[in-house]
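Welcome, and please open the model in your viewer. We will go from stop to stop, and at each one you will have something to select.

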Amino acid sequence: MSLIALLCIPLLAAIVLAIVREGRFAAEINVAASIATFMAGVWLAWDVYGHGAMLVAGELLFADAFSVYLAVITSFVSMTTSVFSRRYMAQEQQHGIMRPRRMRYYHALFQLFISAMLVALLTNSVGILWIAMEMATLSTVLLVSHYRTPSSIEAAWKYFILCGVGIAQALFGTILLYLAAEKVLGEGGEALLWTNLNRVSSMMEPNILSMAFVFLMVGYGTKMGLVPVHHWLPDAHSEGPSPISAVLSGLLLNVALYALVRCKVLVDASLGTHHAGNIMMGFGLLSVLVSAFSILRQKDIKRMFAYSSIEHMGITTFAFGLGGATATFGALLHMLLHSLTKSSLFFAGGHAIQMHQSQEMSRIRGLIRGNPFVGWGLMFGVMAIVGMPPFGVFVSEFLILTATVKGAPYLTPFLVAGLAVAAAALFRRVQSMAMAEVPSYQHPVQVAYVPIVLHVTLVLMIGIYMPDVLNQWLKNIAGYLK
Amino acid sequence: MYIDFVHHINSFLAAFILLTAFGMLVQRRMSGLIFLFTWQGLFLSIHTALVGFLVNRHHLYISSALTLALKVILLPYILHTLVRRLKIHKEVETIFNVPTIMLIGIALVILAYHLVSPIRELSPPLSLVQPHIVTRSILAVALASVMLGLLMMITRKNAVTQIIGFLAMENGLFFAATSATYGMPLLVELGVALDILIAAFIFGVFFFHIHSNFDSLDVEQLARLKEVD
């Protein structure tokens with residue numbers, strides 16, 4: 001029941017918003033629907049907490065601790081983003097950057113995107129997961145090109161083509177997975193259900209599975225922006241409206257990672273080796289290193305944060321690949337903290353861009369004096385994302401590093417080097433933006449305080465004191481994922 | 001006896017699909033390209049129906065009809081209309097190094113055969129006397145046509161051509177699904193078809209956006225966003 005509600009609310013909201021179009025209350029309906037979605041998410045979490053994993057709708061929908069965890073993150077961040085988006089997009093219209101006519105399908109597509117991600121998380125079928133991932137891409141392509149500038153159209157085209165090609169590889173991987181499963185489970189939809197696949201994993205043909213994983217890795221890795229298939233990500237994240245960058249970076253990447261982790265667990269259980277884990281570690285580490293050095297070279301604030309997302313997805317992929325209880329726990333926690341922190345950075349960064357009418361970091365100055373919420377929000381956000389104590393990211397990165405020292409000591413220096421370079425690069429940039437005198441071209445904007453403050457506070461709180469529920473919940477997931 | 005005959009026809013169709021993939025790789029004219037794409041869709045549709053007949057799975061007839069409607073009628077129609085509205089239907093694209101592209105294509109086919117060789121057996125045979133309906137080489141052909149579509153996307157510079165390459169890739173995937181597993185579950189196939197339909201709508205919108213912003217559909221011009229230095 002709670003599961004159905006969670007999936008239906010955003011879909012219904014998308015339909016309503018498509019009918020309302022640019023009507024006056026579109027942004028408010030969007031916020032209300034997102035709050036309702038979040039409440040349904042909490043309800044579902046409560047159900048799963050009480051009764052354990054559940055199967056609904058003829059085994060097509062499935063919620064266990066892992067998928068519910070990510071569904072709650074998704075619904076929470078989409079809620080705060082909708083609050084931010086209301087203020088932010090209203091400002092964009094006042095500044096004449098966005099004509100109201102263009103806003104027609106913005107909110108409907110936003111809700112469609114959220115519902116596609118939730119379907120991907122809560123379906124039991126590998127095939128439907130693929131369809132939902134593709135739907136999530138398609139619904140955001142037109143949002144990335146929302147400003148209709150030549151560069152935003154270029155970014156959206158790249159996003160469309162590269163993710164389309166990537167996800168096609170994932171479909172081939174899914175077909176191979178089905179081929180391996182069909183021999184054991186017989187034909188029909190049964191053979192694509194996670195619950196069945198995990199049950200018979202030891203009986204499937206290892207050759208096909210290891211080949212399938214390579215395709216799935218490339219496919220979902222493209223969606224996650226892992227190096228070397230990351231080229232769409234910095235463009236799409238920097239050219240779209242800031243609320244869209246926040247959800248792309250904070251949520252979509254997580255969902256793609258979720259798909260990959262599910263495949264990894266299946267394939268490694270079946271092969272009895274660490275084949276899939278090793279591939280993930282390789283991709284993850286490469287992403288951390290390449291993106292860390294790319295952050296150094298950026299001049300555009302959103303592009304820099306986009307590269308930082310690649311870095312963090314790299315860390316998380318690496319940790320899941322490494323496996324073991326500690327690393328998996330750290331990776332799960334890192335997914336949550338990265339979502340919260342990165343979206344708050346895009347919120348604060350978005351307002352900073354509005355204040356200076358420019359995405360160039362060299363033009364953004366004196367944020368703390370101009371608007372303390374934006375300035376300190378950005379400052380604390382960056383401090384959190386680079387993993388400074390007492391923020392939560394420190395805890396998760398520390399756990400991952402500890403596990404690395406234990407499990408793959410020879411890789412530790414590379415990981416540490418990547419983290420250090422990224423931290424130095426980000427911190428150097430944010431200092432000059434937050435401090436200094438207010439430049440003459442800066443002008444005040446109406447800021448959405450709540451989402452920024454809420455996210456940063458949560459990250460800080462988890463760093464200082466982790467609630468017992470969260471701790472138990474993650475231990476439970478790590479128990480069956482490792 | 002007739003099963004044997006159908007089996008041969010199946011192999012022929014696979015060969016034709018590969019042939020059209022190669023044809024698209026070097027076809028310069030826009031209208032000729034869409035024409036080849038239509039043929040590939042038709043071969044695919046017939047192949048799906050034949051496999052459905054051979055293994056007696058009725059949902060394959062539905063997906064065959066779906067392919068016919070989507071890839072033989074609707075998508076070529078949309079593409080033709082777009083190309084005419086954008087006034088590029090007579091355009092002749094320059095492709096450099098046709099022999100090299102062909103050689104790379106052949107190398108990709110060999111690679112595909114090599115990749116699927118470790119797979120020991122495919123879908124279960126219908127009876128003991130009868131050979132596999134689906135041979136390893138058909139899966140290799142499917143993988144090869146996916147890779148040829150990818151190669152086409154890389155070598156071409158026109159947005160419409162890239163999209164046709166993308167759709168040809170999708171054809172290859174669909175071919176893989178029918179031949180390797182007798183088709184994915186119906187629900188999944190319907191979902192994939194829906195996704196393609198939405199993608200068609202989106203690229204249609206994009207052609208106009210690119211055209212009005214850059215005055216042509218040459219994606220070479222989409223190179224503003226790069227690493228700043």
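**Stop 1: the core**

Begin with the largest nonpolar core, which has 261 residues; select A:Met117, A:Ala120, A:Ile175, A:Val255 and A:Leu378, the ones with the most contacts inside it. A nonpolar core is a set of buried Ala, Val, Leu, Ile, Met, Phe, Trp, Tyr and Cys residues joined through C-beta atoms within 7 Å. Buried means that 20 or more other C-beta atoms lie within 10 Å of a residue's own; exposed means 12 or fewer, partly exposed is in between, and the C-beta atoms are placed from the backbone. Now select helix α6 (residues 150–185) of chain A, which gives this core its largest share, 23 residues. Helices (H or I, at least four residues) and strands (E, at least two) are DSSP runs, numbered from the N terminus.

This is a predicted model, where local features need pLDDT of at least 70 and side-chain atom pairs count only at pLDDT 80 or more, while totals for chains, interfaces and linings use all residues. Residues are numbered from 1 along each chain as its sequence is written, and chains are lettered from A and ligands numbered from 1 in the order in which they are written.

**Stop 2: across to chain B**

Which residues does A:Ile175 touch, not counting those up to four places away in sequence? Select B:Leu173, B:Ala176, B:Ala177, B:Ala180, B:Thr181 and B:Met184. Two residues are in contact if their C-beta atoms, placed from the backbone, lie within 7 Å.

Widen the view to the contact between the chains, with 40 residues from chain B and 39 residues from chain A. On the chain B side, α5 (136–155), α6 (159–181) and α7 (186–214) each supply at least two residues, and α7(B) brings the largest share, 14 residues.

**Stop 3: a helix of chain A**

Next, select helix α4 (residues 106–122) of chain A. Is α4(A) mostly covered or uncovered? Mostly covered: 17 of its 17 residues are buried.

**Stop 4: B:Leu68**

Finally, find B:Leu68 in helix α3 (residues 59–85) of chain B. B:Leu68 counts as partly exposed because it has 18 C-beta neighbours inside 10 Å. Leaving aside neighbours within four places in sequence, B:Leu68 is in contact with B:Ser45 and B:Ile73.

Note on methods:
The expected span of a helix is 1.5 Å times one less than its number of residues.
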